[in-house]
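Hi everyone, thanks for making the time today. Let me put the structure up, and then I'll walk you through a few parts of it.

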Amino acid sequence: MIALDNWLIALASIALSPFLLVVLLIMVLASTGCSLGIREKYVQVLLAIFEWGRIRIEKSETESGRNSVDGDLEREDGGEGDFPLTPNSSSANLLARQMEAHSHYDSAVDGSGRKSIRSGFTLSDAYDYCKWGMEAITEDQVTKSFEAEEINSWNLLTRTNMNYHYISVRLTIVWCLGFLFRYFILMPFRLLITVIGVLWLTTCMAFTGYLPNGPLKRRVNQYVNLMCFRIVSRGFSAIIRFHDPQNKAKEGGICVANHTTPIDVIILSVDNCYNLIGQRHHGFLGFLQRALSRAANHIWFERSETKDRMAVSQRLKDHVTVPHNLPVLVFPEGTCINNTTVMMFKKGCFEVDCPIYPVAIKYDPRFGDAFWNSSEQSMVQYLLMMMTSWAIVCDVWYLPPMRRKEGEDAAMFAARVKNEIANKGGLVELDWDGQLKRQNVKVEWKQIQQKIFSERIKFE
Amino acid sequence: MGNEVSTHAEAECTFNADEINRLRKRFQKMDMDNSGSLSVDEFMSLPELQQNPLVQRVIDTFDRNRDGGVDFKEFIEGISQFSVKGNRESKLRFAFSIYDIDGDGFITNSELFQVLKMMVGNNLKDLQLQQIVDKTIMYADKDGDGKISFEEFCVVVRNSGVQKFTDFVLVV
């Protein structure tokens, strides 16, 4: 019996040790910020597989004719849309539609613009509103921004398309293999790394907290921050490309970025250290918040305080004026958007008089959908989805710092920054408030329309 | 459901199977209580529509049988009027029906007043609005019956820059 036990133990350690070794290797690499280039190769292999998958799907489509299957059917590459399709996202379609919609909106709004200025009412005036209404009914940009982005070719994840794995045997086999790989090899690794990463983060932060305030503490905090977040980011195979690192946020500034997922914080913290600002949460997030607060000055406020925008704004101002405080990371949209559009930037943080460092984050939707749809998924479900995706691939662009100009108020400045971010990241700009996820449009918007129209026809 | 849709497709409208599928997905997404018919509230869940002063009229023109809801057939027919493949007359008819509240084929003084009131809200006094309405009807009404018929409507609209009607490109 004892011999058997020994054998089992020996077997277990032999099986486990490569596993543990790999984990250790990843952690060491993460801490030092080096990379073996394995993840890049992985991405290339995946892309090749997706391409192969796409060709197979197209072949079978043309063979069986264009039969529309009941249920979800994604739009194909080279479909009959009137707009050019980019290889991997429907952002281009949205962009083209938005340009049209905006021009209609403008002409309905002020009556001038493309159409000749006509004072007085004519019977064809109602038509603009109809057109606008019809466009909204067939597809509107607001609800579209709160759903996962559609991609044009299948990326071998069932969650993006239910039908494709019945198309050909080979494709189904590849999908099966992919499924097994993701759920039984990738996920346990990632889960382990994340758990270790979070524990390590908590420990390191606690340790840093005990140091006396001063330059040593700041240096240690910086190093610890980078190391821990790098480890955690390997927990969902984050492959991040940073552009223009000379524009990284510096002390005493505010860093502003578009928001897609809570993971944005991790993505950005891999390269630079920030102080965070946000609502105090309970549960796992609250635990993380407390852990982080031990080592650095993060700004957490109670839910009741958020209604009092002046108080929050004041705390932000106080923070940036203290010397040696790290730049604050702010997401002015206030909520997660699906990474095809940028919604209205709340002007609160733009009222502070300090340089703003805009950052554009764009996720590649082919490898995994990073968007957190908080109305459909809980945090745990979301993390599970992240860990069973292929990878999280994203581009981060650091934009040159901006300051408020003379005569520009906070709202205009916010719009200007938003414009820069949207252009750099290839995202569509919308003026809608992200809170529309949860609330209705204010009545005032309709009243504005009515006022503008009546100004036009009043000239009689 | 699929079969019904394809017969409708052939009979009534100008969309192909893919476009109908997309519209059906859209319809189902908007139909939050899965009743098979879109109520005013379900339309109003779209923020861009909430901003539109004429939203009630747009929804009413979809609802042909006036049962208070828009079922999928009415939905498709309504949108197909606006599609790029629809002809100019169907667009003119649509615009006409925005004004023609009771659907009797004539735009009366009071109907025009009501629609204009929706578009201006409280920004003009009723008296001013009435003047505009009277003037418009006088201008358009050629046969002197005090109402605007569809033919008279087309004439007026043609004279006032009709290219708007063909501008709309519906992307499904």
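Let's start with helix α8 of chain B, residues 109-120. It has 12 residues and reaches 16 Å from its first C-alpha to its last, close to the 16 Å expected at 1.5 Å a residue; that expected span is 1.5 Å times one less than the number of residues. Helices here are DSSP runs of H or I with at least four residues, strands are runs of E with at least two, and both are numbered from the N terminus. In α8(B), the buried residues are B:Glu111, B:Leu112, B:Phe113, B:Val115, B:Leu116, B:Met119 and B:Val120. By buried I mean under 20% relative accessible area, with exposed being over 50% and partly exposed in between, using a 1.4 Å probe and protein chains only. Just after α8(B) comes B:Gly121, with a positive phi of about 65°.

A quick word on what you're looking at: this is a predicted model, where local features need pLDDT of at least 70, side-chain atom pairs count only at pLDDT 80 or more, and totals for chains, interfaces and linings use all residues. Residues are numbered from 1 along each chain as its sequence is written, chains are lettered from A and ligands numbered from 1 in the order in which they are written, and side-chain values use heavy atoms, leaving out hydrogens and water.

Now to chain A, which has 14 helices and 9 strands. Of its 460 residues, 51% count as buried. Taking contacts (heavy atoms within 4.5 Å) between residues at least 6 apart in sequence, 77% join residues at least 24 apart. Chain A exposes about 22100 Å², and carbon and sulfur atoms supply 63% of that; these areas come from the Shrake-Rupley method with a 1.4 Å probe, and for residues only the protein chains shown count as cover.

Next, helix α6 of chain A, residues 169-210, where we find A:Ile173. A:Ile173 is partly exposed at 46% relative accessible area.

Leaving aside residues up to four places away in sequence, A:Thr194 touches A:Gly235 and A:Met387.

On to charges. How many salt bridges does the structure hold over all chains? There are 7, each a side-chain nitrogen of Lys or Arg within 4 Å of a carboxyl oxygen of Asp or Glu. One of them pairs A:Arg241 with A:Asp395 at 3.0 Å, N to O. This pair links distant parts of the chain, 154 residues apart: A:Arg241 is in strand β1 and A:Asp395 in strand β8. A:Arg241 is partly exposed at 42%, whereas A:Asp395 is buried at 14%.

Another salt bridge joins A:Asp353 and A:Arg403 at 3.5 Å, N to O. These two sit in loops, 50 residues apart: A:Asp353 between β6 and β7, and A:Arg403 between β8 and α13. Here A:Asp353 is exposed at 64%, and A:Arg403 partly exposed at 45%.

Finally, A:Arg416 bridges to A:Glu408, with the closest N and O atoms 2.7 Å apart. A:Glu408 is buried at 12%, while A:Arg416 is partly exposed at 22%. Thanks, everyone!
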